[in-house]
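Reader: I would like to learn how to read a model of this kind, one feature at a time. Could we begin with the general idea in each case and then turn to the structure itself?

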Amino acid sequence: MTSSTEAQNSDRSARVADEAAGAPPEPRLPEGEGPGSRLWGSGMPRWLPRAMVLALVLVGLFQLADWAFHQLIDLFVMLLVAFFLSLALEPAVDRMAARGVRRGVGTFLVFVAVGIAVIGFLAALGTLLVDQVAKIAGDLPHLVDNLMNWVNQTFHQDLSLGELQKKLLKDSGAIENYAQQAADNVWGVSSTVIGGLFQAFTVGLFTFYFTAEGPRVRRTVCSLLPPAKQGEVLRAWEIALAKTGGYLYSRALLAVVSAAGHWVMFALLDLPYSAALAVWVGVMSQFVPTIGTYLAGALPVLVALTVQPVDALWVLVFVVVYQQVENYLLHPRITAKTVDVHPAVAFGAVIAGAALLGAVGALIAIPAAATLQGFVGTYVRRYEVATDPRIDRGEQRRARRELRREAARRLRRMVGGDGK
């Protein structure tokens, strides 16, 4: 008791001394509350539990949105493809609607025309492939004999058809295993085909809706925006419509010209199915990005090899020469009135589209790049660049050369006039 009383008296005297010296008094804590009690227990900030609950809710909503996006990514891709297809088909429907045809009927007629063209292309190509496969199967024994004779003469071997048959019969177990695996994969292939048909039907349905109801779709989108923004949205939509439709129509015209030129060449060489091969070259070279030209020329060369090896050489030469004529003569003149995409931009767009969406992204990459190029040309302000040799180091040299040529021409005219 004595020690505690002395401690209290010392504390009291210390506080009195501090007050006399002018020091501010120390705040008194409520009874039962120590210095660290405000961090724990009843002194916890009231906003902390709410913040923790809100953070958990936001994390849960993010996880739900991420799951839903990954589940619906296929639907978003199909909507994107349908939108670009509708941009390509809508100009034709608009022309028919301007002549009094209802948009639904006009869209149906455009779909029928496109469907007939696609079915005709696939039928011609299928007939060509079936005929060539049948021909190769019929000539297979003769080809095997020629191959074995070439191997025996080149590598000094003594192979025979009987030994080859024994080898195949000996490995019949492995062949049966491969056949069994192929039979087991039939269901997987069937489901893939059915899924592809369903996706094609879905894309076609949305494309029909976007094309037939184009004005209503634009009106619905604009109704969600303030009046000041509606004009900009409609302008952007018009740019996308013009650029995408122009690009695809220019490609279609180039495909027709390419098919006609190759058909004449194939007919002169008397190749089988020359019309089907010409259509194959025209479609593949124009509508398959980057590698379409090589795929287009490979099939006619292979078919010509089955007829005459010299014909294959002529086909290869013609394909290469026509490609140069198209790149430097036809393509600039046709695309000048629609849209022109630089080859480097097209190649980069295809790579980016394939990285993002696979084959679908590669197919729609160039129309998307053309639309983006139209946006940049419309909305981005450009400034005049002053003449500077650091921009084009050969410009001044070319200008001086032209001045010297012009001076030489004037001098020749003056001398010729004096001579008369």
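Reader: Of the contacts in the chain with a separation of 6 or more, what percentage is accounted for by residues 24 or more positions apart?

Author: This is a predicted model, and in it residues 24 or more positions apart account for 62% of the contacts that have a separation of 6 or more. The elements of the chain are 16 helices and zero strands. Of the 420 residues in the chain, 23% are buried, and the accessible surface comes to about 30100 Å², with 67% of that surface belonging to carbon and sulfur atoms.

Reader: Which elements have the lowest and the highest mean pLDDT, and what is the average over the chain?

Author: The general idea comes before the values: where pLDDT is low, the predicted coordinates should not be read in detail. The chain averages a pLDDT of 77, and 74% of the residues score at least 70. Among the elements, helix H1, residues 2–20, has the lowest mean at 54, whereas H2 has the highest at 91. Over residues 36–41 the pLDDT falls below 50, and this stretch has five contacts in the model beyond near neighbours in sequence.

Reader: Which residues of the largest nonpolar core touch the most other members?

Author: In soluble globular proteins, nonpolar side chains tend to be buried together. Here the largest nonpolar core has 20 residues, of which Leu 125, Phe 266, Leu 271, Leu 277, Trp 280, Leu 299 and Val 315 touch the most other members. At least two residues of this core are supplied by each of helix H4 (103–138), helix H10 (227–268), helix H11 (274–287), helix H12 (292–307) and helix H13 (309–335). To follow one member, Leu 299 touches Leu 125, Leu 128, Leu 277 and Trp 280, if residues up to four places away in sequence are not counted. There is also a second, separate core of 13 residues, which includes Met 78, Val 203, Val 217 and Trp 237.

Reader: And which residues make the nonpolar surface patch?

Author: The patch, of about 710 Å², is made by Val 53, Leu 54, Val 57, Leu 58, Leu 61, Leu 64 and Trp 67. Leu 54 is found in helix H2, residues 47–71, and counts as exposed because its relative accessibility is 51%, the cut-off for exposed being over 50%.

Reader: Turning to charged side chains, how many salt bridges does the structure hold, and which residues are linked in a network?

Author: The structure holds six salt bridges, and the network links Glu 90, Asp 94, Arg 103 and Arg 218. Within it, the side chains of Arg 103 and Glu 90 meet at 3.6 Å, N to O; Arg 103 lies in helix H4 and Glu 90 in helix H3, so the pair ties together parts that are 13 residues apart in sequence. Arg 103 also forms a salt bridge with Asp 94, where the closest N and O atoms are 2.7 Å apart.

Reader: What should I make of backbone angles, and what is the phi of Asp 270 and of Tyr 273?

Author: Most residues other than glycine have a negative phi. Asp 270, however, has a positive phi near 60°, and Tyr 273, although not a glycine, has a positive phi of about 55°. Asp 270 lies in the loop between H10 and H11, and the place of Tyr 273 is in the loop between H10 and H11 as well. Asp 270 counts as exposed at 62% relative accessibility, whereas Tyr 273 is partly exposed, with a relative accessible area of 33%.

Reader: To close with another loop residue, where does Val 101 lie, and which residues does Val 101 touch?

Author: Val 101 lies in the loop between helix H3 (73–98) and H4 and is partly exposed, its relative accessible area being 30%. Not counting residues up to four places away in sequence, Val 101 touches Met 96 and Gly 106.

Methods:
Residues numbered from 1 in each chain as written. Predicted model: local features only at pLDDT ≥ 70, side-chain atom pairs only at ≥ 80, totals over all residues. Heavy atoms only, no water. Patch = residues over 30% accessible without salt bridge, like charges linked within 9 Å, V, L, I, M, F, W, Y side chains within 5 Å. Areas by Shrake-Rupley, 256 points an atom, 1.4 Å probe, with all protein chains shown as cover. Salt bridge = Lys/Arg side-chain N within 4 Å of Asp/Glu carboxyl O. Helix = DSSP H or I, 4+ residues; strand = E, 2+ residues; numbered from the N terminus. Buried < 20%, exposed > 50% of the residue type's maximum accessible area, 1.4 Å probe, protein only. Core = buried A, V, L, I, M, F, W, Y, C linked by side-chain atoms within 4.5 Å. Contact = heavy atoms within 4.5 Å. pLDDT = per-residue confidence, 0-100.
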